[in-house]
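Hello,

Here is the structure I promised to pass on to you. Please have a look at it first, and then read my notes below.

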Amino acid sequence: MLKFSFQQVDVFSSQPMRGNPLAVVIGADGLSDAQMQSFANWTNLSETTFLLEPTDPKASYRVRIFTPSQELPFAGHPTLGSAHVWLSQQQTSPTGDIVQECGAGLVRIRRDGNRLAFAAPPLTRSGPVDPALVERIAKALSLPTNLIEDSSWCENGPDWIGVRLPSRADVLAVKPDYSALAGTRVGLVGSFNPDLDGKDAQFEVRAFTRNGYEDPVTGSLNAGLAQWLIGSGVAPESYVAAQGTVLGRAGRVYVDKVGDDIWIGGDVVTCIQGALEL
């Protein structure tokens with residue numbers, strides 16, 4: 001049996017068990033594809049990552065990202081969680097940006113105090129959603145079509161469809177019919193009313209996956225939504241999104257546009273450290 005260091009972290013929250021969990025296997029170069037997939041299936045978390053030596057000299061490390069059933073080229077909360085674990089293994093604190101090598105290429109990660117942020121990858125698909133698909137999504141979410149203020153493809157690896165509703169209350173009230181969504185990835189976003197909802201965030205987000213569950217806090221979706229909302233003038237260049245409220249989580253995603261880059265940030269806390277035998 002091979003023995004590996006292992007951590008389980010919580011991403012997009014400064015409080016343990018209030019964000020999105022991630023399993024991270026350290027120094028996993030000795031594992032086969034089948035072993036990685038098998039372990040990710042066993043953890044049964046939305047994603048499990050494996051830290052490897054980089055193949056690109058520009059990269060700080062390489063990561064492979066697995067769901068219980070498949071490998072992903074990129075995902076947001078695994079990027080921040082993996083960077084957090086990689087940093088914990090360094091003897092000295094590196095200077096400058098961290099560069100992650102993954103299936104989608106090189107992703108830059110910066111530190112702002114204890115918070116980490118990744119540069120949102122370019123959208124591979126954007127623009128209007130076919131009206132027939134919007135109507136199907138509306139029915140699956142039990143929404144009148146006229147309550148949907150706008151929709152857009154927000155694909156950056158995962159093929160998210162962004163759907164904008166008038167308010168946070170509208171977003172929180174949605175009860176999805178996953179069988180009617182039929183494998184479509186849908187992200188809802190609605191504005192906070194400062195007088196009713198407080199001022200610690202400006203938008204509420206919910207993510208309905210193609211596998212029939214709601215994701216607690218989703219980096220890839222928030223990256224796509226930020227490019228859409230800022231680009232269309234709906235959101236300011238810096239804002240905070242809340243996610244996971246319906247699931248009893250308190251996720252916070254920090255969005256900041258700097259020059260041509262949009263940074264997607266969040267806190268990460270370590271919950272479990274130990275050894276893994278495979």
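**A partly exposed aspartate, and what follows from it**

At a relative accessible area of 43%, Asp200 is partly exposed (buried means under 20% relative accessible area, exposed over 50% and partly exposed in between, with a 1.4 Å probe and protein chains only). Before going further, please note that this is a predicted model, in which local features need pLDDT of at least 70 and side-chain atom pairs count only at pLDDT 80 or more, while totals for chains, interfaces and linings use all residues. Residues are numbered from 1 along each chain as its sequence is written, and side-chain values use heavy atoms, with hydrogens and water left out.

**Salt bridges**

Asp200 forms a salt bridge with Arg252, and their closest N and O atoms are 2.7 Å apart (a salt bridge is a side-chain nitrogen of Lys or Arg within 4 Å of a carboxyl oxygen of Asp or Glu). This pair links distant parts of the chain, 52 residues apart: Asp200 sits in the loop between helix H6 (194-197) and strand E13 (203-208), and Arg252 in strand E16. Helices (H or I, at least four residues) and strands (E, at least two) are DSSP runs, numbered from the N terminus.

How many salt bridges does the structure hold? There are 14 of them. In one, the side chains of Arg64 and Asp33 meet at 2.7 Å, N to O. Arg64 belongs to strand E4 (residues 61-66) and Asp33 to helix H1 (residues 33-43), so this contact ties together parts that are 31 residues apart in sequence. Arg64 is buried, with 16% relative accessibility, whereas Asp33 is partly exposed at 46%. Glu71 joins these two in a network of salt bridges.

Another salt bridge is formed by Arg110 and Asp256, with 3.2 Å between the closest N and O atoms. Here too distant parts of the chain are linked, as Arg110 is in strand E7 (residues 105-112) and Asp256 in strand E16 (residues 251-258), 146 residues apart. Both partners are partly exposed: Arg110 has a relative accessible area of 24%, and Asp256 has 25%.

**Strand E12 and its partners**

Strand E12 (residues 185-191) is mostly covered, with 6 of its 7 residues buried. E12 runs parallel to strand E11 (residues 160-167), and 7 bridges join them; two strands pair if DSSP finds at least two bridges between them. E12 and E13 run antiparallel and are joined by 6 bridges.

**Helix H2**

Helix H2 (residues 76-88) has 13 residues and reaches 19 Å from its first C-alpha to its last, close to the expected 18 Å (1.5 Å times one less than its number of residues). Is H2 mostly covered or mostly open? It is mostly covered, as 11 of its 13 residues are buried. Among them are His77, Leu80, Val85 and Trp86.

**Two positive phi angles**

Finally, two loop residues. Asn44 is not a glycine, yet it has a positive phi of about 60°. Asn44 lies in the loop between H1 and strand E3 (48-52) and is exposed at 58% relative accessibility. Ala182, also not a glycine, has a positive phi of about 50°. Ala182 is in the loop between helix H5 (178-181) and E12, and counts as exposed at 55%.

Best wishes
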